[in-house]
Amino acid sequence: MNKENWHVTFDVFRQKTCQSVHFDAFPMDVDPDEYVLDVIERIWAFNDRSLTFRHACHHSTCGACGMRVNGVEKLTCITPINQVTHDGGKVRVEPLRNFPILSDLVVDMGEFYLRLDDAKFAQVVTLDAACLPFEKKQQVRENGDFERLVDCLECGMCISACPVALTTSEYLGPAILAAAHQTYQQTNDPEMISLADKQDGVWRCHSAYECTAVCPSNVDPGWRIMDLRKIVLRSQIHKFFSR
Amino acid sequence: MKNESNSANLIRWFDPRHRQLGTWAFILNRITALGLTLYLILHLFALGNLARGPEAYDGFIKLAKTPVILIGELLVIAAGLIHGLNGIRIALNSFGIGTRYQKQIFIGLMIVVAACLIIFAKSMLFGH
Amino acid sequence: MNSKPHAAIIGGGFTGCALALDLQMRGFQVKLFERGEICAGTSGRTHGLLHSGGRYCVDDVEAGRECIQENRILRKIARQCIEFNGGLFIALNDSDVSYGDRFTKGAEECGIETEELTAGQAITLEPNLNPALLKAYTVPDGSFDPLRLALSFAATARRYGAEFYSYCEVTHLSRTNSGRISGLEFLNRHENQLHEIRADVVINATGAWAGNIAAMVNVTVPVRPTPGVMVAYDQRLVQRVINRLCIPDDGDILVPQRRMVLIGTTSFDHDDVDYIPVYHEQIKLMHERAAELVPAVKNAHPRGAWMSARPLIASQGDTRSLTRTFRCFDHEEQGAPGLITITGGKATTCRLMAEKTADLVCQKLGVPANCQTHDLELDSYRQYYARAGN
């Protein structure tokens with residue numbers, strides 16, 4: 001059997017349609033090495049079957065299990081308990097910010113997914129195109145033409161952490177702009193320039209860099225947004241002088 | 001609903017809890033901006049004293065040399081340095097320069113601010 | 001509109017979503033019910049190996065043949081979420097080498113294209129392989145993202161008009177006086193409200209939970225939930241899927257995915273399908289087995305460890321010898337006409353499982369429609385969230 005030697009209290013955000021927000025406390029015996037998502041699943045399985053939450057792969061590829069844990073965005077399937085609390089401590093679990101809540105820990109990611117389609121974001125690209133340009137030496141092999149799923153899991157954590165997204169849902173947000181950046185790097189599609197070159201596109205970013213800080217997956221949206229600004233400016237200057 | 005994007009959430013910009021260094025720069029830039037704007041307004045009022053004749057102005061200058069006002073002026077210098085230097089960092093980032101090292105650059109600039117403040121404080125409070 | 005036969009599918013994993021597409025294309029009005037998010041059950045947790053069939057071709061030619069055919073179909077219709085870099089079966093000792101002869105025969109019988117490689121050639125292709133390897137065979141393996149594969153079927157099904165009810169847990173199956181299954185009752189877990197719908201046929205596609213749903217109407221399904229552990233490491237040490245060239249065993253597949261490699265799996269019994277703990281001894285075993293294939297795993301950091309309960313169709317015997325092929329159960333024979341269960345199988349064959357189930361459903365309801373999903377390129381998985389009426 002597993003060692004379960006920490007006693008931790010989980011305070012979980014609860015809200016069903018047309019009801020008020022409240023937190024339910026669940027005292028749990030946990031293994032400090034197990035993941036936050038495992039405990040949430042145990043809460044559902046043994047304590048409260050009415051708890052709703054999103055999860056699928058349990059290994060950081062699907063991006064479904066993003067939540068706020070003690071106020072910080074975490075991908076709960078790869079966040080060990082010992083990273084967020086100590087024996088006798090509390091773990092506050094809330095849904096991602098800046099998305100409409102469907103119930104409890106489930107938020108509506110529909111608009112977010114559809115915007116990614118607007119950015120024509122491809123999930124499978126060559127190794128070369130999948131990593132950040134300044135990582136190519138370590139990430140790309142010379143002997144072969146490989147493809148892989150990209151870094152962005154579409155988890156929405158960057159949007160949750162962004163102070164601009166906090167104040168308006170019109171802002172495309174880090175994930176979408178990072179996606180447009182990647183699409184442009186691969187395809188030079190001018191539609192990406194027009195997607196980004198808007199008041200609610202790249203120009204709305206105010207350099208808080210929380211997106212890069214919370215991304216569980218090496219996307220570095222902060223860098224990509226600024227690089228996209230460079231790309232947009234370059235393209236505008238070209239257009240101006242080629243008239 | 002409280003969880004959704006809303007312009008009323010703006011007050012939460014100034015809450016640095018659970019956030020990282022980039023947010024501190026973000027918050028400092030806004031607070032120093034508000035502070036400097038307030039200072040500008042006060043400064044204009046003070047200058048208005050010029051129109052009220054030499055005694056009124058001299059009286060104000062005497063007040064300006066008291067420690068409270070001097071410390072206030074140090075805060076203004078701090079705000080100016082923080083806002084200006086961080087502003088340069090943000091402007092460079094906006095052109096894709098230094099984005100990968102934004103944290104280190106911010107720390108470096110704040111050290112410069114601290115050093116300048118120590119020098120200015122020395123000469124303002126203990127010099128002359 | 002109203003003359004369409006109504007099909008209710010319980011279970012939003014690969015089988016349910018693929019079946020929703022197939023039946024909707026054949027003229028049914030499909031409503032699918034999943035108590036969590038799409039792929040919240042076994043399907044979501046697969047390590048994402050797109051089987052070439054090499055693992056089954058020696059002992060189960062039927063399974064091997066199914067795999068390679070579906071492998072080729074999925075690579076065509078679901079390209080958007082598959083990393084296709086091929087795979088290797090590697091021999092680490094003499095026993096593996098002699099298994100290689102049976103392997104080549106089996107692969108040929110199933111139609112799986114393989115090529116024999118010397119140790120040197122294999123290491124050139126994949127420098128991180130165990131240098132003690134003796135020989136290798138290439139296979140057309142791939143790696144896919146589980147949630148996105150299911151969503152791509154679901155998105156296409158929605159475009160054809162299927163309705164998806166996630167966070168809706170089926171609580172009760174309705175029956176007419178004659179005992180025919182006529183619909184179901186479900187709890188909308190966002191709202192905490194019960195609702196009822198009618199259906200001409202109800203299909204239980206809940207995989208490892210099939211027995212639970214069947215029990216609602218006192219029928220049985222011989223499915224044995226069989227959990228296994230998987231571990232993800234934080235470095236993409238290989239580009240191709242690495243399989244051990246031997247009789248299927250624990251921890252003999254290493255799958256690259258994004259910036260990770262995933263090792264799986266084990267096989268054991270566990271009563272409660274809703275929660276299976278992750279056992280430390282099993283994780284340790286996975287570390288050892290992974291290191292046998294790719295020693296550099298020892299320097300990589302484990303990123304995640306999780307359990308997944310596969311639905312194995314039980315007759316008797318130890319869990320490894322249970323078939324991973326699928327079966328449809330028509331519960332009319334057990335006194336519950338109108339209920340069909342589809343279970344067993346693996347992700348790679350989900351479209352075929354859906355096809356066979358839809359064939360049975362059409363036959364029972366007298367709907368003369370054929371499967372058209374084998375060459376329909378699936379919609380962007382993100383369109384699953386398109387607003388209704390788009």
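Visitor: What covers the buried residues of α3(B)?

Guide: The cover includes α11 (221-241) of chain A together with α1 (21-48), α2 (54-64) and α4 (102-126) of chain B. This is a predicted model, in which local features need pLDDT of at least 70 and side-chain atom pairs count only at pLDDT 80 or more, whereas totals for chains, interfaces and linings use all residues. Residues are numbered from 1 along each chain as its sequence is written, chains are lettered from A and ligands numbered from 1 in the order in which they are written, and side-chain values use heavy atoms, with hydrogens and water left out.

Visitor: Which residues of α3(B) are called buried?

Guide: They are L70(B), L74(B), A78(B), A79(B), L81(B), I82(B), N86(B), R89(B), N93(B) and S94(B). Buried means under 20% relative accessible area, exposed means over 50%, and partly exposed lies in between (1.4 Å probe, protein chains only).

Visitor: How do you know that the span of helix α3 of chain B agrees with its number of residues?

Guide: A helix is a DSSP run of H or I with at least four residues, a strand is a run of E with at least two, and both are numbered from the N terminus. The expected span is 1.5 Å times one less than the number of residues. For the 28 residues of α3 (residues 67-94) this gives 40 Å, and the end C-alpha atoms are 40 Å apart, so the two agree. After α3(B) comes G96(B), with a positive phi near 80°.

Visitor: What does the same test give for α4(B)?

Guide: Its 25 residues should span 36 Å and its end C-alpha atoms are 35 Å apart, which is again counted as agreement. The buried residues of α4(B) are Q102(B), F106(B), L109(B), M110(B), V113(B) and A121(B), and what covers them includes α1 and α3 of chain B.

Visitor: What makes R19(B) and E210(A) a salt bridge?

Guide: The term asks for a side-chain nitrogen of Lys or Arg within 4 Å of a carboxyl oxygen of Asp or Glu. In R19(B) and E210(A) the closest N and O atoms are 3.1 Å apart, and the pair forms a salt bridge. Between chain B and chain A the count is two salt bridges. The elements giving two or more residues to the side of chain B that touches chain A are α1 and α3 of chain B. By class, that side has six nonpolar, 14 polar and six charged residues, where Ala, Val, Leu, Ile, Met, Phe, Trp, Tyr, Cys and Pro count as nonpolar, Asp, Glu, Lys and Arg as charged, and the others, Gly among them, as polar.

Visitor: How many residues of chain B are in contact with chain A, and what area is buried between them?

Guide: Contact, which means heavy atoms within 4.5 Å, joins 26 residues of chain B to 37 residues of chain A. The area buried between these chains is about 2600 Å², with 53% given by carbon and sulfur atoms; buried area is the accessible area (1.4 Å probe) that two parts lose on being put together, summed over both.

Visitor: What are the values for chain C and chain A?

Guide: Here the contact takes 61 residues from chain C and 62 residues from chain A, and the buried area is about 5100 Å², of which carbon and sulfur atoms give 47%. The count between the two chains is eight salt bridges. The side chains of E154(A) and R382(C) meet in a salt bridge, at 2.7 Å from N to O.

Visitor: Why is R54(A) called buried, and which side chain does its own side chain meet in a polar contact?

Guide: R54(A) counts as buried because its relative accessibility is 5%. It lies in the loop between α1 (36-47) and β3 (66-69) of chain A. Its side chain makes a polar contact with the side chain of E37(C) at 2.8 Å; the term means a pair of N or O atoms within 3.5 Å, where within protein one must be able to donate a hydrogen and the other to accept it, and residues adjacent in sequence count only if both atoms are side-chain atoms. Beyond its neighbours within four places in sequence, the contacts of R54(A) include Y113(A), Y167(C) and Y385(C).

Visitor: Why is N188(A) placed in one accessibility class and S207(A) in another?

Guide: N188(A) has 52% relative accessibility and therefore counts as exposed, whereas S207(A), at 3%, counts as buried. N188(A) is not a glycine, yet has a positive phi of about 50°, and S207(A), also not a glycine, has a positive phi of about 55°. N188(A) lies in the loop between α8 (174-187) and α9 (190-196) of chain A, and S207(A) in the loop between α9 and α10 (210-214) of chain A.
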